[in-house]
Structure formats: C-alpha cells, structure tokens
Amino acid sequence: MTPSGWLWLLPELWLSLLIFVLLGLDLRWKEEGKHSALAVTAGLGTLLVLPILFWQRSAGAADLMGGMYRMDSLALFFKGIFAVSAALVILMTRQMEQTLPRAHGEFYVLLLTATLGMFLAASSANFLMLFVSLELIAITFYVLTSYLQTDLKSLEAGLKYLVLGSLASGFFLYGIAFVYGSTGSTQFSAIRSFVQNQPALSPALLFGLILILGGAAFKVAAVPFQLWAPDVYQGAPTSVAAFLSVGSKAAGFVVALRVFHELFFHQAQHWSALIAWLAGLTILYGNLGAIPQTNIKRLLGYSSIGHAGYILIGIAASTALGSMAANFYLLSYLFTNLAVFLVVAAFYRHVGSDEMRDYAGLSQRSPFLAAVMFLSLLSLAGVPPLAGFFGKFLLLMSAVWQGYLWLAIVGAAAVVISLYYYLLLVKTMYVDPPTDSTPIPVAIPVRIALYACLLGMLGIGIWQEP
C-alpha cells in the first residue's frame, strides 16, 4: 500500500502523539524510575519513525496542503538523519541525568519538539511554513541551551543564542518579505517558475536572497554568523550541543538546498561565488580557531564551524554532485560527531570535566572510549577509509568541477590543520600519563550506540554507492 493523504504525515503525527504521551507520563509517573521510563519511551518512539520513512520512500513524491508541504527523497533523507540524531541524543541525555536539575520530562519533550520542527522544515515548500518550522526549532533550543539553571555558562549560552538567533530570524523574515515583494508569492513552486523566466535577478530579489542566506548561515554556524557556536557548545548540556551540531545544522542545510538548489538554481551566477567565499572563510575560521582550545566542547564548537564550511562547498558548487556530496557529508558527520559526543558524555558522567587535559591516559582507563574517540577524530579530519574522507573528497571534487580550484586547495590545507589539533587530543589520550587510574565503565546502551556509530563510519566509508 502506498501512502496517500494523511498517511504522508504519519512521521509528524507520530512525533506529535509521542510528545503528548511524554507529557502525560511526566504528569502521572512517580519519581522512582520516571527518568528511565521517559528516556526509553522517547528513544524507542523516535526510532519507530524510521520504518515509516522507509515505507514512504518507495512511494515517490507528493505535494500536500495546497503545495505548502512536500514529501520527496530529500525530505525523507533528512528526516532519517533527524530521527537517528534525536534517538542518540536521548540516549546521551539518559547518561547525563545527574546533571539535569529536574523536570526531565520537559527536557525530552523539548528535544522531540525540536525534532518535529526539523521534520516540518525538511518538507516545507512555502517560505511562511519554513519560517514557522525554523522558529519552532529555535525556540526549543533557546530553552535547552540554558536548561542548567544553576550554571552561569549555560545561562550565558542561552542568552547569546537567543539574542543572535532572534537577529538571524529577523534577517530571514525580512528576506522572505523581499522575495514575496519581487515574485508575488511565498510558494516554492511559484517562485521557481518566476525565477526560471527571468534573465537575471532584480536587486530587491537578490537582496532578499542574501538575507535568507544570512538566516541559514546562523543555523549552520557559518561566517559571519559563527561567533555563537563555541560559547553555546561549551555552556549547553552536552546532549544539546550534540543535537545542535548535527540536527540543527542539518536543518539549516536542507533549507539551503531547497532555496539555492531548487528555487534559484538557474540563477547560480548570482550567488555561487558568494557562498564559495563564505565556505572558504568558514573552513579557515573553524580550523584555525580550534588550535588553541583546551575545552573539548569548545574544540568541537570550532570544529563544527569548519565542517559547516565544507558542506557549504557542496551548496556553492550548484551541481548534482555538490548536492550529493553535501548529503553524503551530513550522513557521515552524523555518525562521526555523535560518536565523539557520546564519548564526551560518558567521560563527563564519571570524571565531571570537559577539559582536554583530563583526558590524559584515557587509553588506560577505558581503551574502548579512547579507540572510538581516536577513529572518530580521524574521520572528522578526513582520513581514509573512514566516511569523513570520502565526504571531503566528494566536496572538494565538486569544487574543482565548478571551477573553484582555490576553494579545494583551502579545504585540503584545512585537513592538515585539523589533523594537528585532533592528534593533540589523541596524544593526550594515548601518551600522557593519567592523573587518576580509576577505570571508566561504559554502559551497555552507550556501548551499542558507539558500535552503531563505528559501523556507520566504516560502512559508508567503504561502501559509498547507496
């Protein structure tokens, strides 16, 4: 049976139902065992979205709600990324329950609300629908980043994210106004038809497109809207930082792919070079900024900026190869980055520190965590045969084919820079003596999740065809 009508909305309806179930459990459940029940319900409930997405994948594409909502392969691909990310982040939260002040149910509800917003953004085919979806994501993350109410760094992170996020939302909405004023519609199909029939973009429409690019750049932490990332990653709960680095970033890139590769593809000469320059600057800023860091979450914040620059290469390429490379890189980044954050969460649970010097001798205290971190860092740097290498290779190849040889050179040089600061952490784990020799146990669910991430890193690194 192929989906039709409301059946196309089953993933979104299921997440909405799951949110209400969690609210009910939070209100009715006694304190004893409550956190475990909420985590299991949220995690397994989110994973149950995946069979629905696989079922819908064989049915082709469909337009719903008068063309405002589109279900196609791109939307389903990103919804799969969001669902897997959310499930792993929920597991990560379960391992850090002692750091949450209270109200665990609200935390899971907010995580799933952000996931629902990401699902809506992936299928949005109307700028107003897209804006509402992005705001649903943003508002939940404003709360999640400042969730540690007694931690000044968390409150500072939430305030910075709120101020800068509100500014970015203003840019995005103002850009929509200019696009509407120039084309007479907020519907993607109507805008695409209008743009295809124009020899060149008008100044007003081009200005609106630049403002929309600014809003998307904030989501992915790209230059010049990258300054929030290191502070927010350091101050936010580890699971929230992980979700920001993968889920929110992927939501920003699905917006960029929809807008630039679908709506304005035929006018790439107006925006391709601009995004290429932003990609180069973002790569350099992220990788150079990571070198002096001593806190692992700040290091991952700068690293996230650098990786956003690489994915922007695929957007700038404005070709099918560029789109494919960006999607492949996001999938590899999902497994790699969440593996790193799972190790960080497991380490913090027993040591209570995010400082890199405290990772000294981790290979002796937990050989498994050290090995996973080592392989994940190599994948982030782009070492074969791990997934990160082929993601970078495809992106750099798309830049060369588009005529951006200089951008490919910048990307290749940044790989060498990233190897330096990633291997510094590896040296700390494997060479420096531990200050405390107490073994660090790894819970079975975390171990299973880490094996799954390793399988993803190696699997799509060796077999890229699908």
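Residues are numbered from 1 along each chain as its sequence is written, and side-chain values use heavy atoms, with hydrogens and water left out. Because the model is predicted, local features need pLDDT of at least 70 and side-chain atom pairs count only at pLDDT 80 or more, whereas totals for chains, interfaces and linings use all residues. The mean pLDDT (the predictor's confidence in each residue, from 0 to 100) of the protein chain is 87, and 96% of its residues reach 70 or more. Where pLDDT is low, the predicted coordinates should not be read in detail.

Helix α16 (residues 367-381) has 15 residues and reaches 21 Å from its first C-alpha to its last, close to the expected 21 Å (1.5 Å times one less than the number of residues). Eleven of the 15 residues of α16 are buried (under 20% relative accessible area with a 1.4 Å probe, protein chains only), among them F368, L369, V372 and M373. The cover over these buried residues includes α13 (296-317), α14 (320-351), α15 (362-365), α17 (387-401), α18 (405-430) and α19. Just after α16, G382 takes a positive phi of about 100 degrees.

Three further residues were examined individually. T46, in helix α2, counts as buried because its relative accessibility is 1%. Contacts (heavy atoms within 4.5 Å) of T46, not counting residues up to four places away in sequence, are with L18, A83, A86, A87, I90 and L112. G286 belongs to helix α12 (residues 268-290) and is buried, with a relative accessible area of 0%. The C-alpha atoms of G286 and A222 are 9.0 Å apart, although 64 residues separate the two in sequence. Q226 lies in the loop between α9 (203-220) and α10 (228-235) and counts as buried at 6% relative accessibility. Leaving aside neighbours within four places in sequence, Q226 is in contact with A221, Y285 and I305.

Of its 19 lining residues, G43, L47, A87, L88 and L91 are the closest to its centre.

Five cavities of 30 Å³ or more are found in the whole structure. The largest cavity has a volume of about 110 Å³, and of its 13 lining residues the closest to its centre are E135, A168, S169, G215 and K219. At least two lining residues of the largest cavity come from each of α6 (127-145), α7 (152-183) and α9. The second largest cavity contains about 80 Å³ of space; its lining includes L213, A222, F253 and I315, and α9 gives the most to this lining, with four residues.

Key: 1 Å grid on protein atoms, 1.4 Å probe; cavity = no way out; pocket = protein on both sides within 12 Å on 5 of 7 lines; lining within 4 Å. Buried < 20%, exposed > 50% of the residue type's maximum accessible area, 1.4 Å probe, protein only. Points joined across faces, edges and corners; volume = space filled by probe spheres on them.
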